[in-house]
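Subject: Structure handover

Dear colleague,

Please find the structure below. My notes on it come after, for you to read alongside the coordinates.

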Amino acid sequence: MLTALQVITTVSVGLMVGVEFSVAFVMNRIFNALPEDSDQLARSHGGRMLGAVMPVWYISSLILTAVWAIAGWHHEGTGLVVTAAGLLIVSVIMSLLLLVPINNQGKTWTPENRPADWKEQMNRWDRYHYVRVAVIIAAFTLLVTALT
């Protein structure tokens with residue numbers, strides 16, 4: 001049972017890392033290369049779509065990691081799992097305090113109602129997102145290491 005939990009948790013966090021890495025280093029670069037208002041429209045749509053899915057994914061990944069840490073408390077590698085859970089908590093806090101407020105504004109913007117500094121706000125979101133991606137990559141790396 002513990003092995004199944006470990007695999008499910010690692011795959012869940014790994015897929016989340018893949019999505020967030022793709023947003024940071026693929027999708028946003030594609031959006032930035034789009035003509036005229038397409039960049040802002042794409043980011044707004046992405047904010048609405050991923051803003052609905054990612055909170056559930058972050059929280060469920062954190063819960064799975066916490067359950068793994070509790071269920072495997074007397075096994076080797078539990079310290080790595082606990083540290084990974086701590087990093088996932090950091091990523092959730094970062095999301096709530098830094099990224100979600102910007103995303104909540106950005107997902108409502110249109111070319112007609114966006115603020116004059118919308119690109120600066122998106123650049124700030126990107127910078128916070130890069131840090132969050134590094135944090136969840138570190139958590140994923142710890143989980144993978146705990147499997148060995």
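This is a predicted model: local features need pLDDT of at least 70, side-chain atom pairs count only at pLDDT 80 or more; totals for chains, interfaces and linings use all residues.

Residues are numbered from 1 along each chain as its sequence is written, and side-chain values use heavy atoms, with hydrogens and water left out.

Overall fold

The protein chain has four helices and zero strands, in the order α-α-α-α along the sequence. Helices (H or I, at least four residues) and strands (E, at least two) are DSSP runs, numbered from the N terminus. The C-alpha trace spans about 60 × 25 × 20 Å along its principal axes. Of the 148 residues, 38% count as buried (under 20% relative accessible area; exposed is over 50%, partly exposed in between, with a 1.4 Å probe and protein chains only).

H1 and H2

Helix H1 covers residues 2-32, 31 residues in all, and reaches 43 Å from its first C-alpha to its last, close to the 45 Å expected at 1.5 Å a residue. The expected span is 1.5 Å times one less than the number of residues. Helix H2 (residues 38-71) has 34 residues and should span 50 Å; its end C-alpha atoms are 48 Å apart, which agrees.

H1 bends by about 45° at Val23, and H2 has a kink of about 35° centred on Leu50. The bend at a residue is the angle between axes fitted to the seven residues ending there and the seven starting there.

In the loop between H1 and H2 lies Glu36. Glu36 is not a glycine, yet has a positive phi of about 50°. With a relative accessible area of 77%, Glu36 is exposed.

Helix packing

Two packed helices are described by the angle between their axes and the distance between the axes. Here axes are lines fitted to C-alpha atoms, for helices over the stretch in contact, and angles run from 0 to 180 degrees between N-to-C directions.

Helices H3 (residues 78-106) and H4 (residues 118-147) pack at about 165°, with their axes 9 Å apart. That makes H3 roughly antiparallel to H4 (angles over 145 degrees; under 35 is roughly parallel, 65 to 115 roughly perpendicular, and the rest oblique). Their crossing is left-handed, meaning that the near helix is turned anticlockwise from the far one by less than a right angle; clockwise would be right-handed. The contact of H3 with H4 has 21 nonpolar, eight polar and two charged residues. Ala, Val, Leu, Ile, Met, Phe, Trp, Tyr, Cys and Pro count as nonpolar, Asp, Glu, Lys and Arg as charged, and the others, Gly among them, as polar.

H4 also packs with H1: the axes come within 9 Å and cross at roughly 150°. H1 and H4 are therefore roughly antiparallel to each other, and H1 passes H4 in a left-handed crossing. By class, this contact has 16 nonpolar, six polar and four charged residues.

Two further residues

Thr141, in helix H4, counts as partly exposed at 41% relative accessibility. Thr141 and Thr10 are 131 residues apart in sequence, with 9.3 Å between their C-alpha atoms.

Leu96 lies in helix H3 and counts as exposed at 56% relative accessibility. Its C-alpha is 9.4 Å from that of Pro55, 41 residues away along the chain.

Regards
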